[in-house]
Amino acid sequence: MNDDLFFKSIKVTLYYTCLSVPVQLILSLALALLLNQKVPFMGFFRTSLYLPSMVSGVVMSLLWLWIFNSDFGLLNYLLSLAGIKGPMWLMDESWAIPALILMSLWLTGSGMVVFLAALQGVPVSLQEAAVLDGAGKWQQLRVITLPMISPIILFQLIMGIIDSFQTFTQAVVMTRNGGPHYATYFYVFNLYTNAFKNYKIGYASALGWLLLVTVMLLTYLIFKLSDKYVYYEGGQN
């Protein structure tokens, strides 16, 4: 309780989780809805959007390290073409986490594939019945599609939260020591630092157990709150 870095790591991790998980969830679902249409070359588009998620975390971090470079990075170059001066990104305390959230969108392909499989499992008969009743695209999405795939949304939400709580590679490869000024000092990076740099194995073990208990309690809470919002064909859970 007297370790300021402990609370800093919790704050950084929660900040990252609360922003990255909803954005990834919404973007994955939006891409899946787009790729669920019957248009030419759809297989090519699906493969192209999924391939980036197969790149390893270290390679992805090195690639985005170059993209975020404030002097000759691709992102600031593109912004300069529009007359916008790009920020320092990973070297700026206020932009470090937003930069990592932007990078996390690179991995939406895996979630998109799961959502796409769920969308293709929605009964066509329900959609045809809705069309006959005069329902538009938005009404079909809100009343039929989203309730039918709500178990998958719940699954993606829980997995996204668990994954974000374990963010580590980006802090090691891209910011070295969780900088600047501990702006990217994630919880698991704090655990790693205590275990393998400070050799406080007992302290790091306590951090690991606390992470396990937190994830278990949070998962249980989400399941309990989902009873009213998740639809199962056999009835409510």
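Phe186 is buried, at 0% relative accessibility. The model is predicted, and every value here is computed from it. Phe186 sits in the loop between helix H10 (169-173) and helix H11 (187-196).

Its partner is Tyr16. Tyr16 is buried too, with a relative accessible area of 4%. The two rings form an aromatic pair, 5.3 Å centre to centre. The angle between their planes is 85°, so the pair is edge-to-face, a label that needs over 60 degrees. Tyr16 lies in helix H1 (residues 4-35), so the pair ties together parts that are 170 residues apart in sequence.

Now move to Tyr185. Its relative accessible area is 4%, and Tyr185 is buried. Phe189 is buried as well, with a relative accessible area of 2%. Which geometry do the rings of Tyr185 and Phe189 adopt? Their centres are 5.5 Å apart and their planes stand at 85°, so this pair is edge-to-face.

Together with Phe168, Tyr182, Tyr192 and Phe196, they form one aromatic cluster. The structure as a whole holds 14 aromatic pairs.

Next comes helix H5 (residues 96-104). How much of H5 is buried? The helix is mostly covered, with 7 of its 9 residues buried. The buried residues are Ala96, Ile97, Ala99, Leu100, Ile101, Met103 and Ser104. What do they pack against? Their neighbours are H1, helix H3 (57-67), helix H6 (108-119) and H10. H1 is also the helix that carries Tyr16.

The largest cavity has a volume of about 40 Å³. Which helices each supply at least two residues of its lining? They are helix H9 (150-165) and helix H12 (201-225). H12 gives the largest share, 4 residues.

The lining consists of Ile158, Ile161, Ile162, Val215, Leu218, Thr219 and Ile222. By class, 6 of these residues are nonpolar and 1 is polar. An α-helix has 3.6 residues a turn, so residues three or four places apart point the same way.

Notes. Residues are numbered from 1 along each chain as its sequence is written. This is a predicted model: local features need pLDDT of at least 70, side-chain atom pairs count only at pLDDT 80 or more; totals for chains, interfaces and linings use all residues. Side-chain values use heavy atoms; hydrogens and water are left out. Rings of Phe, Tyr and Trp (its six-membered ring) pair if their centres lie within 6.5 Å; planes under 30 degrees apart count as stacked, over 60 as edge-to-face and the rest as tilted. Buried means under 20% relative accessible area, exposed over 50%, partly exposed in between (1.4 Å probe, protein chains only). On a 1 Å grid over the protein atoms alone, a cavity is a set of points where a 1.4 Å probe fits but cannot get out, and a pocket is an open set with protein on both sides within 12 Å along at least five of seven lines; lining residues have an atom within 4 Å of a point. Grid points are joined across faces, edges and corners, and a volume is the space filled by probe spheres set on the points. Ala, Val, Leu, Ile, Met, Phe, Trp, Tyr, Cys and Pro count as nonpolar, Asp, Glu, Lys and Arg as charged, and the others, Gly among them, as polar. Contact means heavy atoms within 4.5 Å.
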